[in-house]
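Please read it alongside the sequence and structure shown here.

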Amino acid sequence: MAVLGLMTGAPALASPGPETQADVTYLQLLDQNGVSHPNPAAMVSYAHDLVDQLSASPQNDASVGSIVHTGEERNSQHDMGVIIAAAAVAYRPSLIPVVRHWADSAAGFPCGSAAEGVLR
């Protein structure tokens with residue numbers, strides 16, 4: 001099976017990892033800002049979900065804050081700031097001004113400071 005996969009060009013037994021340059025950029029931003037990601041495919045999927053949520057909601061401080069607050073159920077404040085900023089940078093640069101504005105208003109909190117670090 002693996003040999004057949006290699007012959008056809010399909011990585012039959014390859015480990016899941018980044019599929020696009022945007023995925024690579026996102027995971028590098030996580031690494032550079034101290035967010036561990038033992039399951040890169042799950043982190044990429046989560047980033048896509050966050051970007052979709054933000055794109056579907058009013059693009060303001062309250063909606064970014066709500067998405068970050070919900071994410072804090074599974075990640076720390078710092079990590080959520082990095083995750084949302086890195087997702088905007090890697091997948092939807094048009095959201096950077098919205099995330100930057102939120103990060104400026106949340107600068108006194110770990111999430112805002114972490115997001116500002118990614119957006120520099």
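A residue counts as buried when its relative accessible area is under 20%. The model is predicted, and Asn75, at 18% relative accessibility, therefore falls in the buried class.

**Confidence**
- The protein chain has a mean pLDDT of 88, with 85% of its residues at 70 or more.
- Among the elements of the chain, the highest mean pLDDT, 98, belongs to helix α5 (residues 77-91), and the lowest, 40, to helix α1 (residues 2-8).
- Over residues 1-15 pLDDT stays under 50, and the model has 5 contacts beyond four places in sequence for this stretch.

**The loop between α4 and α5**
- Asn75 sits in the loop that links α4 (61-71) and α5.
- Leaving aside residues up to four places away in sequence, Asn75 touches Tyr46, Met80 and Ile83.
- Tyr46 also has Arg74 over the face of its ring, at 3.8 Å from the ring centre.

**The aromatic pair**
- The count of aromatic pairs comes to 1.
- The pair is formed by Tyr26 and Tyr91, whose ring centres are 5.6 Å apart; their planes lie at 45°, so the pair is tilted.
- Because Tyr26 belongs to helix α2 (residues 21-32) and Tyr91 to helix α5, the pair ties together parts 65 residues apart in sequence.
- Tyr26 is buried, its relative accessible area being 0%.
- Tyr91 is buried as well, with a relative accessible area of 16%.

Conventions. Residues numbered from 1 in each chain as written. Predicted model: local features only at pLDDT ≥ 70, side-chain atom pairs only at ≥ 80, totals over all residues. Heavy atoms only, no water. pLDDT = per-residue confidence, 0-100. Helix = DSSP H or I, 4+ residues; strand = E, 2+ residues; numbered from the N terminus. Contact = heavy atoms within 4.5 Å. Buried < 20%, exposed > 50% of the residue type's maximum accessible area, 1.4 Å probe, protein only. Phe/Tyr/Trp six-rings, centres within 6.5 Å; stacked < 30°, edge-to-face > 60°. Lys NZ or Arg CZ within 6 Å of the ring centre and 35° of its normal.
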